[in-house]
Each structure stands twice: as structure tokens, then as C-alpha cells.
Amino acid sequence: MTSLTYMFKEAFNNLGRNALVVLGAILAVFISLTLTFGTLVFGEIVRVNTLQWAEDVRVIAFLQDDMTAEATADLQNEVASWPQVSDVFYVSKQAAFEEAQVLFSNDEAMLRVLDENPDLLPASLRVQPADPEDYDLIVIRLESTPGVEKVESAGDAIDAMIALRDGLQIMFWLLAVALGVAAVALIANTIHMAIYARREEIEIMQLVGASNWFVRTPFLIEGALEGLIGGALAVTFIVVAQQLAVDRLSELPDWINLAIQNDFILRQGALVLLFGVAAGLVGSSLSLAVHRTLRS
Amino acid sequence: MIKLENVTKVYPGGTVAAKDVNLEIAKGEFVFLVGASGSGKSTLLRLMMREEPPTNGDIWIAGKHASQLPSWKIPYLRRSIGTVFQDFKLLPTRTVYENVAFAMEVTGKHRSIIRNQVPQVLKLVGLSDKADRLPRQLSGGEQQRVAVARAFVNRPLILLADEPTGNLDPATSVGIMRILDRISRTGTTVVMATHDHAIVDAMQRRVVELDRGRISRDESHGIYETRQEDSVPGPALDEIEDETAIADTVDDVEEELEATVDEATKAALATAIEDDADEELDDDIDEISEEGSEDEGDA
């Protein structure tokens, strides 16, 4: 117990002794983990949002006006049997008209046109793909199906969002890895300097028989603390930024939802902190391994 | 207590620092290692404290096969060895008390034991009134006494000293030798590498002479022998050597010194032994040693 307090005291003393170098290491961990955690949070936001879309997504096949009820039912059954399709709904001319009335409820000109021509809107099949990314196959197949007038899909927006997410994630991960390596190197350097500053003390400790772990542990604690502080800053930064984004960007379209669940933040945030501590331990271990006298 | 068998140490550059060394030192013995610079005295001490492993041969220290010891066990071997160096190796930012306490703190001794032991050992080396000073506020002799106190505070079985008087004037050296002598009389084995003719000749203890890594002489009541080329005896030292050849213990050296050295050295000597009320100190040592053996029982 006495030695544990001693080692923590030593670790904190070291943090103070090399304040500037320590600050550099902490900042590197902070930036790297901010990117990592930011990527995770952004990915989660995209996932939650595309998920909502995925539930709603419809490939809409507008049907020719001369289709009989029987042909329509046959077509619906056929489309429902395609492997890419999870569900198909039939929307009649009447239902389409009612839906349009709701949809354009604040567009009077449009409402007037609809009232004058209740038959204007065609009947349609609304298709829900099994995998949202497979919508284009369904579109192609529907376009060549007899009785189908025109095919529309909401898939382009999803494609764009998924592409953006993937592109950003690859970039963020690359940056995070590069900065993670830099953070480990900077922590190693900080510990290296701390060891150098205390080399006389270490020599004496070894002479009087301090055990290896007793000599090394304060440096490991120091590295872990630097990683932990950097990680905590990163988590705080992302959580605050996400909250601000939710508050400030309230005019965003309804279909974009920036809120994320607390347990995601807790789980991933804890992981990020752990990662910071691990980076600190790796950094200080590297440094200890380089010092021949401290090797076991 | 210490046993070297056919020990050879060759450094990476090809330098042979020890060659087929066989040496046995019993518990409580006081041994001088002498020889020219580069003869391998320091290497032998470094091998004994397991600072480095021998290239060949076996070393037993305090009942442990030191040359075969896995590296993680070395710290525990070191706890039975006290070390004193020419350059003191004190921590400049810590007080006398803290420097001595450091050796106990880092081996995990309880605070109450530290608070009990450090003042006793400081009293033993005559620095009780300077416990709060920093090393730079002390004379060289005083700094070395702090180093000896640190080496002895954990009550080691063996004390290894590499030129402990190398940076000190003769009178101050005598003060250090008095303390080492007392430590040896408590049953601690003392091995001391030195160039100091006066001390070796005065103490009349076992002398092991090294020559290019080999033991060239091993006498149980030896003297330094002044044929080494690197010795540059000053006038005062010459007199000391001549007049102290028959001295039995350092106490005699003191008398001889007082009779021969100039006034300034005498003053320094007076300071060095000022607080040493002999009997009281010996009592202290006995007391401390008893507690030391109790500690070992616990461990």
C-alpha cells in the first residue's frame, strides 16, 4: 500500500516535471482519439439514419392504367417472390390520391389540380428491398416487367449517404491510426525523458535492490495517465460537440437524426478511454524496453 | 559469504578484466582489493553486486548462486549487499535523511521502520544534526558518510566499497574508515577496492592484489606495497606510510595522523571524528545489528 501511493506520487511528480512534453503527448492522444471516437459516433449516426430509411425505403413501380385487378395481383405476387424483395404493398389510385392530399396539404395549387383530376395519380406497387443496397437490382427488374409504367426509387439518397460514410470513415480511420502511432511515439518520448531525468535515482534504486516492477511501475502509470487524460478529453470533446450539433442544427430535415443513445456513448466512450490507457502503456513500455538498464 | 570460482570476465571489446579468479571471503572478513588502475578491482566488485554477469565461472553471494540468478531476482540479491562509491551517488534534491530513507522506501520497508532506523544510522555515522541538509551543503567526507549510512541502513550481509576514500583527504578518509571498520566488526563482510596506501597499511587486514585481471597476491594481514607506478604519494602520505606500518586499527592511524599531519588536516580530522563518542557508537551498532537480524527473521 505504501509503495503503491509512492509510485502514484512519483508518476504525478513526473507529469509535473516535464509539463510541456507531457502536454504534447496528451494532445496527440486527444486528437487521435477524438478522430477515432468521432468516426465511431458519426458512423453510428449514419447507421441510425440509414436504418430508418431502410425500413421506409420503397421502390415505387407505377402501373399502367389499363391493368386489370387480376393482372395487378399476379404482378404483386411475382414481385413478392423475387429474392431481393422483402415486402410488396399495392397502392390503389384512390389510396394514392389520399396520400397525395396529405403530402401536398400546404400546396393549394397542387391540391386544386388533384381535386379536378382524381384519377391523375397511377396505382403503384411499393417494394421494400431485403437489403437496402440491392434496390437497384429491383429497379432494373421492374423496369423490364410488363404492366409497369415507370419506376422510381429513394435509393440514390441512401447510396450517397453510405458512400459519404464509407469515404469519411476510411479517411478518419487512416488519420486516427497515423495519429495513434504518433501518440504512442510521443508518450514513449515523454517517458524516455522522464527516465533520463531520473537516471541517477533509478541507478540508486537498482543498487539498493528496488525490484524491477518498483522501478518501472511509476513510468507505466505515467504513460497510462497521459493516455487516460487524452482519451477523457477526446470523449468529452465529442460528446459536447454532438450535443451542440443536436441543439444548433434543429432546422435540419426531419429525416436526419443526430441524437445517439447514451449507452452507445458509454460503451464506446469506455472503449476509447481503455484505448488511451493502452496507448500510454504501450508507449511507456517501448521506452522502458529501449533503456537497457530497465530491461528485465 | 562470497565465493568466486574460475571467474573470467571479458568485455565485448576483448578486454579481459578478470581471468580465472578464485576467491573466497568469509563472513565478517574485511578485504582490501588493491592493484593498478585497470587491474580489474572495480570489475570484481561489479561482478559481486551482479551489476554484470561473468563470462565464465561461478559466483556465490550470501548463499545465492549469483552468476546463475535470473535477472528478476537480482534486486533481492542486492538487498543483502550495501554499496559505497567514490562519487557518493547521493540524490542532490533530497536531504540527508531522505537519501538514507530512500534505500528503505524503494525496498518497501514500512514507514514506521524507516522512521525508527534512519535516525539511528545517521547517529552511527555522526550526522544526526545534519539530517535536514542537502548533499551540496555538506563536505565530501560528510557526503560519503551519508552514502555509508544508506548502504548500511538495510543491514546488509556484505558491504562493497569502490574507492570510498578516493575523493577525500587523508584525515576525512580516516573518519570513513572508522565507520567501515565498525560496520565490519558487527559481522558484515566488507570488500573495499582502494588506491589508498596509508589506509591499507594501517588497517593490516586481508589484502587481495590484482594484476591485469588475475589475483597476484592474497595476504591475510597485508600492506599495499608501494611499487605500483600509478601511486603518487604526497609528502604527508609518505610520512603516514612510514609511521603507521605497525598500526593495528584505524584508531591508531588517527593518533599517528595527529602526530604527523599539519594543523589544517588535524582540524579536518577533529571535525570528522567530532561526534564519534566511540563507546556510544559501538553500542548503537550492536543495537542496530540486533534489530537487523530480527528483521531477517521476519523476512
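Let me start in chain B, where B:Val96, B:Tyr97, B:Val100, B:Ala101, B:Met104 and B:Glu105 of helix H3 meet B:Ile113, B:Ile114, B:Gln117, B:Val118, B:Val121 and B:Leu122 of helix H4. By class, that contact of H3(B) with H4(B) divides into 10 nonpolar residues, 1 polar and 1 charged. Before going on, please keep in mind that this is a predicted model.

H3(B) covers residues 96-105 and H4(B) covers residues 111-124; their axes come within 10 Å and cross at roughly 130°. What do we call that arrangement of H3(B) and H4(B), parallel or oblique? An angle over 145 degrees would count as roughly antiparallel, and the crossing is at roughly 130°, so the two helices are oblique to each other. The crossing of H3(B) and H4(B) is right-handed.

Next, the other helix pair on my list. Helix H5 of chain B, residues 140-152, and helix H6 of chain B, residues 170-185, have axes that come within 9 Å and cross at roughly 15°. Angles under 35 degrees count as roughly parallel, and therefore H5(B) and H6(B) are roughly parallel to each other. H5(B) passes H6(B) in a right-handed crossing.

Which residues of H5(B) meet H6(B)? From H5(B) they are B:Gly140, B:Gly141, B:Gln144, B:Arg145, B:Val148 and B:Phe152. On the H6(B) side, the partners are B:Thr172, B:Gly175, B:Ile176, B:Ile179, B:Leu180 and B:Ile183. Sorted by class, this contact has 6 nonpolar, 5 polar and 1 charged residues.

Strand E1, residues 2-10, and strand E2, residues 16-25, run antiparallel and are joined by 6 bridges. B:Val10 has B:Val16 in E2(B) as its bridge partner. E1(B) and E2(B) form a hairpin with 5 residues between them, and in the turn B:Gly14 has a positive phi of about 100°.

For chain B as a whole, there are 11 helices and 10 strands. The chain has 299 residues, of which 46% count as buried. Taking contacts in chain B between residues at least 6 apart in sequence, 70% join residues at least 24 apart.

That leaves the interface and chain A. How many residues of chain A are in contact with chain B? There are 16 from chain A, in contact with 18 residues of chain B. On the chain A side, the elements giving two or more residues are helix H1 (2-17), helix H8 (199-207) and helix H9 (212-248). H8(A) provides the largest share, 6 residues. By class, the chain A side divides into 7 nonpolar, 6 polar and 3 charged residues.

Staying with H8(A), its buried residues are A:Ile202, A:Ile204, A:Met205, A:Gln206 and A:Leu207. A:Gly209 follows H8(A) and has a positive phi, near 95°.

Is A:Lys150 buried or partly exposed? A buried residue needs 20 or more C-beta neighbours within 10 Å; A:Lys150 has 13 inside 10 Å, so A:Lys150 counts as partly exposed. A:Lys150 and A:Pro122 are 28 residues apart in sequence, and their C-alpha atoms are 9.9 Å apart in space.

Definitions and conventions: Residues numbered from 1 in each chain as written. Chains lettered and ligands numbered in written order. Predicted model: local features only at pLDDT ≥ 70, side-chain atom pairs only at ≥ 80, totals over all residues. Contact = placed C-beta atoms within 7 Å. Helix = DSSP H or I, 4+ residues; strand = E, 2+ residues; numbered from the N terminus. Nonpolar A, V, L, I, M, F, W, Y, C, P; charged D, E, K, R; others polar. Buried ≥ 20, exposed ≤ 12 C-beta atoms within 10 Å, placed from the backbone. Axes fitted to C-alpha atoms, helices over the stretch in contact; angles between N-to-C directions. Parallel < 35°, antiparallel > 145°, perpendicular 65-115°, else oblique. Left-handed = near helix turned anticlockwise from the far one by under 90°. Pairing = 2+ DSSP bridges.
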